[in-house]
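These are my notebook entries on a structure that I had not examined before. I record what I looked up, in the order in which I looked.

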Amino acid sequence: MPQAEVLATGTELLSGDVVDTNSARIARALQPLSIPLVQITVVGDDLPRMVAAIRAALARSEILAISGGLGPTADDVTREAVAEALGRPLIFDPELLEVIRARFQAFGVSMPENNRRQAFRPEGSRVIPNPIGTAPGFLVETDGRVLFALPGVPRELERMLADTVVPYLQERFPPAEALAWRVVRTIGLGESWIDERLQDLLRGENPQVGLNAHPGMVDIRIRARGSTPEEAAARAEEAVRRVRERLGWAVFGEGNQAPEEAVIAALRARGATVATLERGTLGTLGGRLAAADPESEVFRIGEVRARLAAAPEHAAEAIRRQAGTTFGLAAEVLPEAEGFQITVALAAPEGSRSVRRGHRGPLPHAAEWAAHAAMGLLWRWLREGP
């Protein structure tokens, strides 16, 4: 089975000004091909470092995808780095220049002269068309390995992956075995608690099971192998069944489903409604629920106040009565000496629940934890009752 690596380029990725999302896009594109992504490397706009990173990746893996550095400016050095790493000259492609020029004309502007740099590519490479941008990519085969260079603009990279890269890889590397991925999403339980209940699954080799913690949530990631897609899928589904069986109410969904989507769907199914009251949370709880219920079918009121008239446990009941809803949720994040004090509370006709804890992360992180904790209280009530 071939292995793949990603080389994400750009000094802005190292400074923290820009988050690398392209590597995740490439990883998702490789999953249906049963090609494991084994390493992601981030390197700045530095020619010698890029050359070294390209050579090291190709020494380890059969597939290398590079994102970024294909623009027209002096710091866009991916073309030069690939050419030097492979010992090939850069060649000028007049037909490619006309394609780039036509793209600018389609945008209604003249092509700047520095965009001529984008018509150079390593000798022996093939052009990867960019149907929605001005930066073409290229593909190089060398010593049984293949290198893709794609622009850093996410929507352009994603389109070029789908149009050219994935079809090429499907033909070039037919899978020796099939892989299946699943993600089971949980809320309201800590990572350590989940780890204890999934110990044998976490130690298994096929399927491989791992935990990925978020503020107030934990994902269980499953990867299964099989001689056929059906066999791999069956192993993955069996692992999902066992995870759901052991974690019970805490499982709210799979894949990319957000907790607010699951909560709103469950409320809708019961004909129930909810209102929220927040302090110090940046409006995160109400904002998330409102986005999942744009018609305000079940999420009726979301208030953010500078201070609560009562403790969150009482505030949840107050907003429930004020809005005339089935449930009330209150969330409060207060600064303290070494971080924040988080309190969330649920009020229902049959009773109430609350959770309180300290938090040492930044405020947005604390607000997200509070939102997930509040939704976790409601989700558990909807699944288990009072």
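**Entry 1. A pair of strands.** I began with strand β15 (residues 327-336) and found that 9 bridges join this strand to β16, the two running antiparallel. I note at once that the model is a predicted one. Leu329 stands opposite Leu346 in β16, and Ala331 has Val344 of β16 as its bridge partner.

**Entry 2. The other neighbour of β16.** I then turned to strand β17 (residues 351-359), which pairs with β16 in the antiparallel sense over 9 bridges. Here too I found a hairpin, with 2 residues between β16 and β17. The bridge partner of Ala348 in β17 is Gly351.

**Entry 3. Ala348.** Ala348 belongs to strand β16 (residues 339-348). Is Ala348 buried or exposed? Its relative accessible area is 5%, and because buried means under 20%, Ala348 counts as buried. I next asked which residues Ala348 touches, not counting residues up to four places away in sequence. They are Glu317, Arg320, Thr326, Phe327 and Trp381. I also looked up the separation of Ala348 and Thr325: they are 23 residues apart in sequence, and their C-alpha atoms are 8.9 Å apart in space.

**Entry 4. Cover of the two strands.** I checked how far β15 and β16 are covered. In β16, 9 of the 10 residues are buried, and the strand is mostly covered. β15 is also mostly covered, with 7 of its 10 residues buried.

**Entry 5. The parallel part.** I followed β15 to its other partner. Strand β13 (residues 274-279) pairs with β15 in the parallel sense over 6 bridges. At one of the positions I looked up, Arg279 has Glu332 of β15 as its bridge partner. β13 pairs with β14 as well, in the parallel sense and over 5 bridges. In that pairing, Ala275 stands opposite Ile301 in β14.

**Entry 6. The whole sheet.** In what order do the strands of this open sheet lie? I read the order as β14-β13-β15-β16-β17, an open sheet of 5 strands with mixed pairing. Its edge strands are β14 (299-304) and β17, each of which pairs on one side only. On average, neighbouring strands of this sheet are turned by 10 degrees against each other, direction ignored.

**Entry 7. Helices on the sheet.** I looked for helices in contact with these strands. Helix α11 lies across β13, β14 and β15, and runs at about 150 degrees to β13. Helix α13 packs on the sheet and touches β13, β15, β16 and β17. The direction of α13 makes about 25 degrees with that of β16.

**Entry 8. The two helices together.** I then examined how helix α11 (residues 284-292) meets helix α13 (residues 363-384). Their axes come within 8 Å and cross at roughly 60 degrees. That angle makes α11 oblique to α13. The crossing of α11 and α13 is right-handed. I asked which residues of α11 and α13 meet. From α11 they are Thr284, Leu285, Arg288 and Leu289, and from α13 they are Ala367, Glu368, Ala371, His372, Ala374 and Met375. By class, this contact of α11 with α13 has 6 nonpolar, 2 polar and 2 charged residues.

**Entry 9. The chain as a whole.** The chain holds 13 helices and 17 strands. Of its 386 residues, 47% count as buried. The C-alpha trace spans about 75 × 50 × 40 Å along its principal axes. Among contacts between residues at least 6 apart in sequence, 67% join residues at least 24 apart.

Note on methods
Residues are numbered from 1 along each chain as its sequence is written. This is a predicted model: local features need pLDDT of at least 70, side-chain atom pairs count only at pLDDT 80 or more; totals for chains, interfaces and linings use all residues. Side-chain values use heavy atoms; hydrogens and water are left out. Helices (H or I, at least four residues) and strands (E, at least two) are DSSP runs, numbered from the N terminus. Buried means under 20% relative accessible area, exposed over 50%, partly exposed in between (1.4 Å probe, protein chains only). Contact means heavy atoms within 4.5 Å. Axes are lines fitted to C-alpha atoms, for helices over the stretch in contact, and angles run from 0 to 180 degrees between N-to-C directions. Angles under 35 degrees count as roughly parallel, over 145 as roughly antiparallel, 65 to 115 as roughly perpendicular and the rest as oblique. A crossing is left-handed if the near helix is turned anticlockwise from the far one by less than a right angle, and right-handed if clockwise. Ala, Val, Leu, Ile, Met, Phe, Trp, Tyr, Cys and Pro count as nonpolar, Asp, Glu, Lys and Arg as charged, and the others, Gly among them, as polar. Two strands pair if DSSP finds at least two bridges between them.
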